[in-house]
Amino acid sequence: MAAPASQKTASVEPQGARLANRIVGFARMLRRAGLRIGPAAVMDAVRAVLSVGIEKREDFYWTLHSTMISRREDHAVFDAVFRLYWARREDRDDADGGGDDEEAEVLREKKRAGDRRAEDALDEERRAIIRKRPEFELDARLSFTAMEVLRGKDFAQMSAAELAEARLAMRDLTLPFDRVATRRFRPDPHGARIDPHAMLRMSLRTGGDLILPKFRSPREIAPPLVALVDISGSMSQYSRVFLHFLHALTEKRRRVHSFTFGTRLTNITRALSRRDPDEAMDEASETVRDWSGGTRIGTALGDFNRLWSRRVLGQGAIVLLITDGLERDHIEVLSREMERLSKSCRRLIWLNPLLGFDGFEPRARGMQAMLPHVDELRAVHSLDALGDLVAALTVPASGGDLARHFRRAHMTSGRNANV
Amino acid sequence: MMAQPSTRGLPQSIDETLALLTDGGYVADRSLATVLFLSLTMQRPLFLEGEAGVGKTEIAKVLADRLGRKLIRLQCYEGLDVSSAVYEWNYAAQMIEIRMAEAAGVHDRAEMESGVFSEKYLIRRPVLEALERSVDGPPIFLIDELDRADEAFEAYLLEVLSDYQVSVPELGTIRAAEPPIVVITTNRTREIHDALKRRCLYHWVDYPDAQRELDILARKVPNANATLARQVVVFVQKLRELDLFKAPGVAETIDWATALTALGKETLDAETVSDTMGVLLKYQDDIVRMEEGEGVRVLEEVRVG
């Protein structure tokens with residue numbers, strides 16, 4: 001492997017080991033900035049740099065980039081860290097080990113959730129101070145718009161009883177068993193299709209005298225689940241509980257994507273994939289910057305449609321939309337985006353906590369705009385309702401479909417209701 | 001671990017890689033050439049991600065053409081399975097073989113088994129083909145739109161790409177003497193698992209900048225008027241800045257320039273733009289938005305700039 005590299009790096013041979021060390025240091029720094037870089041990637045990077053050489057900064061940059069980055073989202077962080085690390089290091093070439101200062105600096109800025117949890121246990125005050133410290137990665141997000149209510153709200157504010165109850169219930173819920181047929185097959189004695197491969201193999205046991213029929217049927221898997229959770233002020237109480245539910249789902253099921261929206265859309269899938277519920281919730285509330293703010297359902301859905309729908313709604317996805325539907329402005333945007341959303345997924349389920357109130361009818365304009373486009377409308381105000389939801393996911397389009405009921409009710413008459 | 005790598009005709013530096021792509025009519029930027037060069041020298045699959053129509057598939061084609069290698073393409077789709085991607089047995093012919101053996105009175109089971117499951121009846125699909133030795137050197141193996149295949153296939157591919165071998169239970173393991181040059185493309189309709197990406201060199205293929213896009217047009221639509229080409233590029237670049245549902249790719253730019261040239265246009269005007277918008281934008285929402293005034297505004301900007 002090193003053959004083409006030997007003549008190029010011959011002049012810098014004594015520095016070869018140091019270069020490797022530096023690349024390792026660079027990888028460490030990237031890791032601290034939150035990227036996942038395994039040792040194999042670092043080895044690749046060293047090998048790659050050896051075969052490309054270090055004459056050109058641009059080539060060097062892309063060499064490291066191609067070996068260490070495997071997601072487009074990581075590009076910005078890589079870029080920032082690259083400039084920070086390789087620029088400063090060049091300046092003080094001779095000071096060996098002097099780089100530890102910068103690393104320590106980055107380390108201080110990046111407090112990992114794990115550390116934070118440990119500190120939580122120690123004392124609350126220190127934690128509050130750490131929270132206030134600006135975060136390397138979050139700077140860009142913070143500067144988005146000043147109008148938003150940017151509050152990194154803590155899940156710990158949920159009352160203890162509430163939390164305990166909710167978690168217990170989450171654990172006990174049987175998880176949705178919704179299935180879709182794939183185009184793959186599995187052997188099945190009651191299957192409807194013959195399996196020629198298995199038949200021929202079997203026949204050889206008898207030396208080809210008997211060719212007995214064998215059958216197969218399509219394999220079934222759980223479809224992807226996409227949750228869009230409204231976290232605006234009016235919804236925050238419910239959505240917190242719901243995030244716990246999503247976390248439980250993410251643990252058990254492979255393809256669950258979670259988004260929150262208030263004034264803007266945030267993908268919290270990665271955050272929720274942490275095993276420990278506390279860590280997951282912690283990271284999710286860190287990621288979300290518009291907790292308990294206002295809501296712009298239409299625009300948020302528009303963002304989702306434009307940026308994410310083609311990436312996560314493939315292969316028969318079910319969408320859970322959790323919102324009260326209280327949109328005041330831009331009703332036509334909401335209606336258009338709802339239509340697009342419902343047309344891009346297999347099933348759109350609207351979970352509305354307001355349905356928990358007796359005699360409630362969705363008469364607000366926002367709700368009226370959303371109703372025609374949902375496959376199902378369900379309540380999600382209590383743990384019982386969550387249980388119902390699970391049941392609904394298990395059986396395709398069963399009873400409790402309030403959407404149709406409401407649609408019909410409003411078509412025929414304008415009954416009075418206490419909204 | 002692998003046999004002596006074949007470096008016949010492979011570029012030996014980033015500059016050579018760039019020249020090779022340019023020769024083949026592919027105007028690449030340096031970052032792409034770097035990744036490609038590394039993928040060739042390190043014998044790692046190249047993982048290209050990017051929006052539709054930015055020229056991901058084209059790279060494999062140009063590479064095959066310039067290196068004089070065979071191009072084997074595996075177009076992925078949902079439900080792609082081993083029998084259509086790797087190999088399948090020719091059951092009908094096998095049945096006949098069994099009957100023939102019976103008629104000839106062969107009752108030796110081992111003999112029959114080796115007769116029925118011999119390479120003669122093996123139908124080779126792209127993966128197996130890619131592992132085969134060929135006179136021109138290892139082929140280019142293009143795995144196109146991997147995101148369309150389901151996860152089960154992705155997991156299978158992981159095995160193939162790490163050892164470059166496939167096992168056929170009845171025949172044994174088939175191993176590539178020299179690993180093929182693998183190019184994987186995805187449109188990101190689904191996230192590809194990290195484990196697979198880790199085995200590859202990753203590159204996000206972005207839309208080209210104005211200068212590069214102009215170079216591309218000069219190569220692909222040589223008879224286009226120079227003013228027109230410049231206006232087309234500026235227009236398209238401006239469209240990409242708007243939040244469209246689907247921004248036009250390079251393929252669309254080329255199509256549009258070709259269409260306008262065929263119509264005998266030498267500059268852009270509002271009417272032509274509106275008439276030919278369907279070449280550039282493929283979503284009704286985007287087209288409506290353009291017709292509602294944004295198209296004219298962008299055109300004004302193009303004229304001024």
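# Exercises on a predicted two-chain model

Chain A has an average pLDDT of 70, and 62% of its residues score at least 70; pLDDT is the predictor's confidence in each residue, from 0 to 100. This is a predicted model, so local features need pLDDT of at least 70 and side-chain atom pairs count only at pLDDT 80 or more, while totals for chains, interfaces and linings use all residues. Residues are numbered from 1 along each chain as its sequence is written, and chains are lettered from A and ligands numbered from 1 in the order in which they are written.

## Exercise 1: Confidence in chain A

Find out which element of chain A has the lowest mean pLDDT and which has the highest.

Solution. Step one: the lowest mean, 32, belongs to helix H9 (residues 139-142) of chain A, and the highest, 91, to H4(A). Helices here are DSSP runs of H or I with at least four residues, strands are runs of E with at least two, and both are numbered from the N terminus.

A contact means that the C-beta atoms of two residues, placed from the backbone, lie within 7 Å.

Step three: decide how to read them. Where pLDDT is low, the predicted coordinates should not be read in detail.

## Exercise 2: An open sheet

Work out the strand order of the three-stranded open sheet in chain A.

Solution. Step one: the order is S1-S3-S2 (chain A), with antiparallel pairing. Two strands pair if DSSP finds at least two bridges between them.

Step two: find the edges. Strand S1 (180-187) and strand S2 (193-194) of chain A each pair on one side only.

Step three: check one pair. S1(A) and strand S3 (residues 215-221) of chain A run antiparallel and share five bridges. Val180(A), for example, has Ile221(A) as its bridge partner in S3(A).

## Exercise 3: A strand with two partners

Which strands pair with S8(A) in the parallel sense?

Solution. Step one: strand S7 (residues 318-322) of chain A pairs with S8(A) over five bridges, in the parallel sense. Within that pair, Leu320(A) is bridged to Ile349(A) of S8(A).

Step two: strand S9 (residues 376-378) of chain A also runs parallel to S8(A), joined by three bridges. Here Leu351(A) has Arg378(A) as its partner in S9(A).

S7(A), helix H16 (residues 331-344) of chain A and S8(A) make a right-handed β-α-β unit. Right-handed means that, with the strands pointing away from the viewer, the path from the first strand over the helix to the second runs clockwise.

Step four: check the cover. In strand S8 (residues 347-351) of chain A, four of the five residues are buried. A residue is buried if 20 or more other C-beta atoms lie within 10 Å of its own, exposed if 12 or fewer, and partly exposed in between, with C-beta atoms placed from the backbone.

## Exercise 4: Buried or exposed?

Sort Leu201(B), Leu210(A), Tyr164(B) and Arg188(B) into buried, exposed or partly exposed.

Solution. Step one: Leu201(B) counts as buried because it has 25 C-beta neighbours inside 10 Å. Leu201(B) lies in strand S9 (residues 201-204) of chain B, and among the residues it touches are Ser66(A), Thr67(A) and Val35(B).

Step two: Leu210(A) counts as exposed because it has 10 C-beta neighbours inside 10 Å. You'll find Leu210(A) in the loop between H11 and S3 of chain A.

Step three: Tyr164(B) is buried, with 21 other C-beta atoms within 10 Å. Tyr164(B) isn't a glycine, yet its phi is positive, at about 50°.

Step four: Arg188(B) is partly exposed, with 16 other C-beta atoms within 10 Å. Arg188(B) also has a positive phi, near 65°, in a residue other than glycine.

## Exercise 5: Where the chains meet

Solution. Step one: chain A gives 33 residues and chain B gives 38.

Step two: among the elements of chain A that give two or more residues are helix H3 (39-52), helix H4 (57-68) and helix H15 (297-312).

Step three: the chain A side divides into ten nonpolar, 14 polar and nine charged residues. Ala, Val, Leu, Ile, Met, Phe, Trp, Tyr, Cys and Pro count as nonpolar, Asp, Glu, Lys and Arg as charged, and the others, Gly among them, as polar.

Technical notes:
Lists of a residue's contacts leave out its neighbours within four places in sequence.
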